[in-house]
Amino acid sequence: MSLSPAPQLAPSRRSFVRALPGLALASSVLASPVLAAQAVQAITVYKTPWCGCCGAWLQHLTAAGWTATVRELEDLAPIRRRYGVPDALASCHTGVVGSYAIEGHVPAEDVARLVRERPDAFGLSVPGMPAGSPGMPAPADRVQGFQTLLILKNGATRVFASHG
């Protein structure tokens with residue numbers, strides 16, 4: 001009695017079987033809220049209706065791969081209070097990524113780092129409106145160096161990144 005060879009899988013089925021480990025990894029990534037948030041890069045931005053630089057900052061974020069939902073409000077103070085942003089660090093717009101506040105002209109790479117590192121903090125701020133920061137274009141001779149501050153839960157800040 002001779003044994004016949006095992007039937008060969010059709011190429012499409014063989015490809016599917018080979019892909020199973022990758023599909024399992026992909027489903028675990030999507031099931032993880034942290035990894036899913038990093039993959040999507042979604043931000044909600046609260047801004048005043050009359051501000052022009054907010055649109056330029058939004059262009060900076062979207063060029064870096066962020067998807068923004070914009071909410072226009074005449075008073076951003078309640079949003080800042082909700083997310084722990086002190087008045088001294090206030091700006092014309094406040095972004096929200098998960099539980100973090102993004103106040104002012106924070107570079108997209110700093111926002112991505114915040115989401116990746118997940119420090120125990122309220123969020124990030126670039127106080128004032130430094131010339132040359134994202135959304136605040138300036139001639140080369142007027143560009144200012146600036147710092148992105150991490151807003152700690154005790155209300156203090158520390159330098160998160162230096163630019164320029």
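What follows is a set of questions and answers about a predicted model.

Q: What makes up the secondary structure of the protein, and in what order do the elements run?
A: There are five helices and seven strands. Starting at the N terminus, the order is α-α-β-α-β-α-β-β-α-β-β-β.

Q: How much of the protein counts as buried, and what does that word take?
A: A residue needs under 20% relative accessible area to be called buried. Of the 164 residues, 37% pass that test.

Q: Why is Thr94 called buried?
A: Its relative accessibility is 0%, and the cut-off is under 20%, so Thr94 counts as buried. You'll find Thr94 in strand E3, which covers residues 93-97. Beyond its close sequence neighbours (those within four places), Thr94 is in contact with Thr44, Val45, Tyr46, Leu76, Ile79, Arg80, Ala101, Ile102 and Glu103.

Q: What makes the pairing of Thr94 and Glu103 a polar contact?
A: The limit for a pair of N or O atoms is 3.5 Å, with one able to donate a hydrogen and the other to accept it. The side chains of Thr94 and Glu103 make such a contact at 2.5 Å.

Q: Is Met136 buried or exposed, and how do you know?
A: Met136 has 18% relative accessibility; buried means under 20%, so Met136 counts as buried. That's a residue in the loop between E5 and E6. Leaving out residues up to four places away in sequence, Met136 touches Cys53, His105, Met129, Pro130 and Ala131. His105 is 31 residues away along the chain, and the two C-alpha atoms are separated by 7.7 Å.

Q: Which residues of H5 are buried, and how do you know where they sit around the helix?
A: The buried ones are Ala108, Asp110, Val111, Leu114 and Val115. Looking down the axis of H5, they fall within an arc of 165°, so they line one face of the helix.

Q: What makes up the largest nonpolar core?
A: This core has 21 residues, and those with the most contacts inside it are Ile43, Trp66, Val97, Ile102, Leu114 and Leu124. Among the elements that give two or more residues to it are strand E1, helix H3 and strand E4. H5 gives the largest share, four residues.

Q: Which residues does Val97 touch?
A: Not counting residues up to four places away in sequence, Val97 touches Ala42, Ile43, Trp66, Ile102, Val111 and Val115. There is also a second, separate core of 10 residues, which includes Leu76, Ile79, Tyr83 and Leu89.

Q: How do you know that Arg113 lies over the face of Phe160?
A: CZ of Arg must be within 6 Å of the ring centre and within 35 degrees of the ring normal. Arg113 qualifies as lying over the face of Phe160, at 3.8 Å from the ring centre.

Q: How many aromatic pairs are there?
A: The count is zero. To pair, ring centres would have to lie within 6.5 Å.

Conventions
Residues are numbered from 1 along each chain as its sequence is written. This is a predicted model: local features need pLDDT of at least 70, side-chain atom pairs count only at pLDDT 80 or more; totals for chains, interfaces and linings use all residues. Side-chain values use heavy atoms; hydrogens and water are left out. A nonpolar core is a set of buried Ala, Val, Leu, Ile, Met, Phe, Trp, Tyr and Cys residues joined through side-chain atoms within 4.5 Å. Buried means under 20% relative accessible area, exposed over 50%, partly exposed in between (1.4 Å probe, protein chains only). Contact means heavy atoms within 4.5 Å. Rings of Phe, Tyr and Trp (its six-membered ring) pair if their centres lie within 6.5 Å; planes under 30 degrees apart count as stacked, over 60 as edge-to-face and the rest as tilted. The arc is that of the directions from the helix axis to the C-beta atoms.
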